[in-house]
Amino acid sequence: MRSPFFRSAAALALVAAMASPVPAAINVVTTTEDLASITREVGGDRVKVEAIAKGYQDPHFVEAKPSFILKLHNADLLVAVGRELEVGWLPPLIQQSRNAKIQPGADGYLDASLTARILEIPTGQITRAMGDVHPLGNPHYWLDPDNGRRIAKAIEAKLARMSPGDTGTFAARYADFDRRLKEAEARWDAAMAPYRGLKIVTYHRSWPNFCERFGLDVIGYVEPRPGIPPSPSHTIELIQEMKRQGVKIVLVEPYFDLKTPNSIARETGAKVVVLAPSVGGEKEITDYIRLFDYDVNLVVSAIEETGGK
Amino acid sequence: MRSISFALFFGFIFLVGSRDPAFAQTPPASDREELARLRSDLEALRGEYAERIAALEQRLSALQAAAPTAPPSPAPSAPAAPEVQVPAGAAGAGGPTGTLPVYGGVTAASKVFNPDIAVIGDFLGAAGDGAGSTQPSLQLHEAEASFQAVVDPYARADFFLTFGPDEVGVEEAYVTFPTVPGGLLTKIGKMRTAFGKVDGMHNHTLPWTDRPLVTDNLVGGEEGLADSGISIARLIPNPWFFLEATAQVYAGDSAVFQSPERSDLAYLGHLRGYQDLSDSTNLDLGGSIAYGHNDSGPDFTTRLLGVDATFRYRPLRRAIYRQLLARTELVWSRREQPGGTQNAFGTYFELDYKFARRWFAGARFDYSERAEDASIKDKGGSLLLTWWPSEFSQIRAQYRHTRYGEGGTANELLFQFLFSIGAHGAHPF
């Protein structure tokens, strides 16, 4: 049985032989398509970006497929949403990637939430009786464009450190993204301004950043508690509350069943809006700015359809 | 006499100390009103203070967030302190606010490095004619405690301790070196092995309340091949699909292998191929071989060959409502023993279908010969229904029909309650 030593020696030799000079582009893997889009904005042709979760998929429940191990195996940089969004599937993928560069704590691991503005960080004691709470705060923070800017800044700093020769390129691309984002933000803010304070209901707690930014007031959730599917008693309560407060909009993520939201809408005369929580949530949402274009348009037209304020 | 006076004395203390109204003297009506008034005043005061404290805390955190955070060093890796906003009403959610108390710690951070801890309870029930099965009607089959953490920049460690009805054991305890040069994922310690699929699974990740007949008859049952050893696994680069080769060496002290000499080890090899057929379907194929001495004498060995195939369907848009898994494993056992060599074969085929967000239905077909006497053939089948109240608990019912080779036929209804507390582990794939 010479195999363990023979194998490792052979493997070492093989790796040494295959080691090539520094690749032209930085290989980046992101956990979501939003992070991939922002990385593309900053990195341009200096990066090659792949995302793991699709934009129309529930990012809490991604399968840890071996094909993702292969992606991570060759990555120079892994950008994660963090705040335990990926706790159910990313750790085993990283562990099996056999890639020292992207292990948490290493230079090639970037937790994008570290510089973002995080809402709903629980204070005091939390228990699972509250449902699937995220003890480190709400992980859907990319849905505020200002957090997109912060993420871009963090990625710019990281890329510049990984490829110092391209620092200027990354800085210029960041500045360009920042400028386009500012223009777009003015557009979105103007579109949403007439409806500040409008009361809405959402399915999951995915939208606190979005609603805070655009002045929507979430008065309830279709889920009785985060991660717990709708129950009849909660749905009845929610319907009564919506009638009392005149709520006409129900925001739903594309990966949730529409049965309960539709029956709530029938009872209350509200409109169900399937909003995209991520880039790639719909075919036409191909980048981070288009994500908000799509969502803001959808919300505005739904509000107008249901009679404005 | 003394003991009686002691009892009276303690009884008196208990009565005096008791705040139970049943034991308290009933005060006159005017006193009661006075008491109620005082109590309501106190409640009002308490509520007022709680509100004030919450408001002050909110202002404090807002001030902290607004204060410019001076970067301690120019290192670009140091992230700016995230701005924190306390959600309105969070302080009144019922728990204590502020930092948690530290008992005997040198610093408040001394517990930061504690491992992730989780405990999973596995409660089993059985009813019906078991044809000699020894499974009790109700049983806390196992409590599994897991401790998992990163050791240092080079390694992480996983401990799984199981507490059964009459024994405590180490189910697994190993260190993993994920970044050994050459892409060799290395594990050292006591492990469940890479033989097929079921042998590597803990009880709570199985889609059944039991293990298939082939596992019981040929692959060591619940304990399986788990043993102390060393494992290395490497990806085999190729342009087409995921291919991983695993080589493991064990001491030879398991339910199947018993090494008579220190130099007689048990060896195990596993090859796994995986390919995405589409975004929502994939195919997972494996081949395994295990070899070592068995317990019939110093010169007798057992060789196991296994093949496994898994097909998964999971539509990404509706992944939390619909999933299908179809799996089969085939095992050939060649066991040398004093009466001659026994060549036994066993297999199972299972379907597991998630038809609603919290519901699974399953079916399993079983066939297996016995390792020590291949002429005895056991056959069986199961139907299953599983309900998940949440990600952290699970209720399962299994109807199991078994026709044993000796002639007995069992018809059983098996129940399982799984409940887990602590750290959120990764979902099994």
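How many residues does helix α5 of chain A have, and how far does it reach from its first C-alpha to its last?

Mentor: Happy to! Before we start, this is a predicted model, so local features need a pLDDT of at least 70 and side-chain atom pairs count only at pLDDT 80 or more, while totals for chains, interfaces and linings use all residues. Residues are numbered from 1 along each chain as its sequence is written, and chains are lettered from A and ligands numbered from 1 in the order in which they are written.

Now your helix. Helix α5 of chain A covers residues 145–162, which makes 18 residues, and its span from first to last C-alpha is 26 Å. That is close to the 26 Å expected at 1.5 Å a residue (the expected span is 1.5 Å times one less than the number of residues). Helices (H or I, at least four residues) and strands (E, at least two) are DSSP runs, numbered from the N terminus. Most of α5(A) is covered, with 13 of its 18 residues buried. A residue is buried if 20 or more other C-beta atoms, placed from the backbone, lie within 10 Å of its own, exposed if 12 or fewer, and partly exposed in between.

Let's step back to the chain around this helix. Chain A contains 10 helices and 8 strands, and its C-alpha atoms fill a box of roughly 75 × 50 × 40 Å along the principal axes. Of its 309 residues, 50% are buried. Among contacts in chain A with a separation of 6 or more, 61% join residues 24 or more positions apart (two residues are in contact if their C-beta atoms lie within 7 Å).

What about the inside? A nonpolar core is a set of buried Ala, Val, Leu, Ile, Met, Phe, Trp, Tyr and Cys residues joined through C-beta atoms within 7 Å. The largest one has 89 residues, and those touching the most other members include A:Ile151, A:Ile155 and A:Val250. Helix α10 of chain A (residues 288–305) gives this core its largest share, 7 residues.

Beyond its neighbours within four places in sequence, its contacts include A:Val201, A:Val222, A:Pro261, A:Ile264 and A:Val272. A:Val250 also stands opposite A:Val272 in β8(A). Strand β7 of chain A (residues 249–252) and β8(A) pair in the parallel sense over 4 bridges; two strands pair if DSSP finds at least two bridges between them.

These strands belong to an open sheet of 4 strands in chain A, ordered β6-β5-β7-β8 with parallel pairing. Because β6 (217–221) and β8 (271–274) of chain A each have a single partner strand, they stand at the edges, with one side of each left without a neighbour in the sheet. From one strand to the next, the twist averages 35 degrees. Across β5 (199–202) and β6 of chain A lies helix α8 (residues 232–245), running at about 155 degrees to β6(A). Axes here are lines fitted to C-alpha atoms, for helices over the stretch in contact, and angles run from 0 to 180 degrees between N-to-C directions.

One loop of chain A deserves a look too. A:Arg83 sits between β3 (77–80) and α4 (90–96) of chain A, and A:Glu84 is in that loop between β3 and α4 as well. Neither residue is a glycine, yet A:Arg83 has a positive phi of about 55 degrees and A:Glu84 has one of about 65 degrees. A:Arg83 counts as buried because it has 24 C-beta neighbours inside 10 Å, whereas A:Glu84, with 18 other C-beta atoms within 10 Å, is partly exposed.

Finally, glance at chain B, which has 3 helices and 16 strands. Of its 429 residues, 27% count as buried. Its strands β2 (residues 138–152) and β3 (residues 155–163) run antiparallel, joined by 9 bridges, and form a hairpin with 2 residues between them. B:Ala149 has B:Ala157 as its bridge partner in β3(B). B:Ala157 also stands opposite B:Val175 in β4(B), and β3(B) and β4(B) form a hairpin with 4 residues between them.
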